[in-house]
Amino acid sequence: MRIGELAKQAAVSRDTIRFYERHGLIRSAVDPAAGNGYRVYPEDAIMTLEVIRDAQAAGLSIADITLFFSAFLAQDIDQDASDFLDAKIAETTEKITASQRFLTLLQDTKAALKRAPQDGLDEVNT
């Protein structure tokens with residue numbers, strides 16, 4: 001697929017795709033049928049963009065994501081890759097725990113605020 005179609009399907013800009021391609025996170029090839037130098041991207045590029053988006057949301061930098069993809073594509077794990085993955089698993093687990101605590105606080109606050117005005121009116125009316 002061409003860059004415009006990939007951008008639309010993955011809900012990212014063309015510049016974002018080019019940025020990731022420059023960093024070696026996404027690959028493309030020249031479309032031989034087009035004859036105009038247009039680049040085409042494989043279908044799995046959509047999934048790759050989703051993984052990049054999720055990794056960034058988890059706090060990984062482009063350098064971290066590059067290391068992650070390198071370890072994944074090598075299908076082999078050396079000690080450095082293992083240590084890197086262990087550290088990222090621990091960091092992500094901590095973030096999930098903190099986010100879950102905050103989510104609970106938000107939900108409890110919303111529930112308390114919904115009850116508070118009603119509780120006050122009950123006291124006034126009785």
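This report covers the nonpolar core, an aromatic pair and the contacts of one serine in a predicted model.

## Nonpolar core

The largest nonpolar core has 20 residues. Leu-6, Ile-17, Tyr-41, Leu-49 and Ile-65 have the most contacts inside it. Four helices each supply at least two residues of this core: H1 (3-10), H2 (14-22), H3 (45-57) and H4 (62-74). Helix H3 gives the most, with five residues.

Take Ile-17 as an example. Leaving aside neighbours within four places in sequence, Ile-17 is in contact with Ile-3, Leu-6, Ala-7, Val-12, Tyr-41 and Leu-49. Two of these names, Leu-6 and Leu-49, are also among the residues with the most contacts inside the core.

## Aromatic pairs

The whole structure holds two aromatic pairs. One of them joins Phe-68 and Phe-69. Their ring centres are 5.7 Å apart and their planes meet at 50°, so the pair is tilted.

Phe-68 has 29% relative accessibility, so Phe-68 counts as partly exposed. Phe-69 has 13%, so Phe-69 counts as buried. The cut-off for buried is under 20%.

Ser-28 sits in the loop between H2 and strand S1 (29-30). Ser-28 counts as buried because its relative accessibility is 18%.

One is that of Glu-21, at 2.2 Å. Another is that of Arg-39, at 2.7 Å. Not counting residues up to four places away in sequence, Ser-28 touches Glu-21, Arg-39, Val-40 and Tyr-41. Tyr-41 is also one of the residues with the most contacts inside the largest nonpolar core.

How values were computed: Residues are numbered from 1 along each chain as its sequence is written. This is a predicted model: local features need pLDDT of at least 70, side-chain atom pairs count only at pLDDT 80 or more; totals for chains, interfaces and linings use all residues. Side-chain values use heavy atoms; hydrogens and water are left out. A nonpolar core is a set of buried Ala, Val, Leu, Ile, Met, Phe, Trp, Tyr and Cys residues joined through side-chain atoms within 4.5 Å. Buried means under 20% relative accessible area, exposed over 50%, partly exposed in between (1.4 Å probe, protein chains only). Contact means heavy atoms within 4.5 Å. Rings of Phe, Tyr and Trp (its six-membered ring) pair if their centres lie within 6.5 Å; planes under 30 degrees apart count as stacked, over 60 as edge-to-face and the rest as tilted. A polar contact is a pair of N or O atoms within 3.5 Å; within protein, one must be able to donate a hydrogen and the other to accept it, and residues adjacent in sequence count only if both atoms are side-chain atoms.
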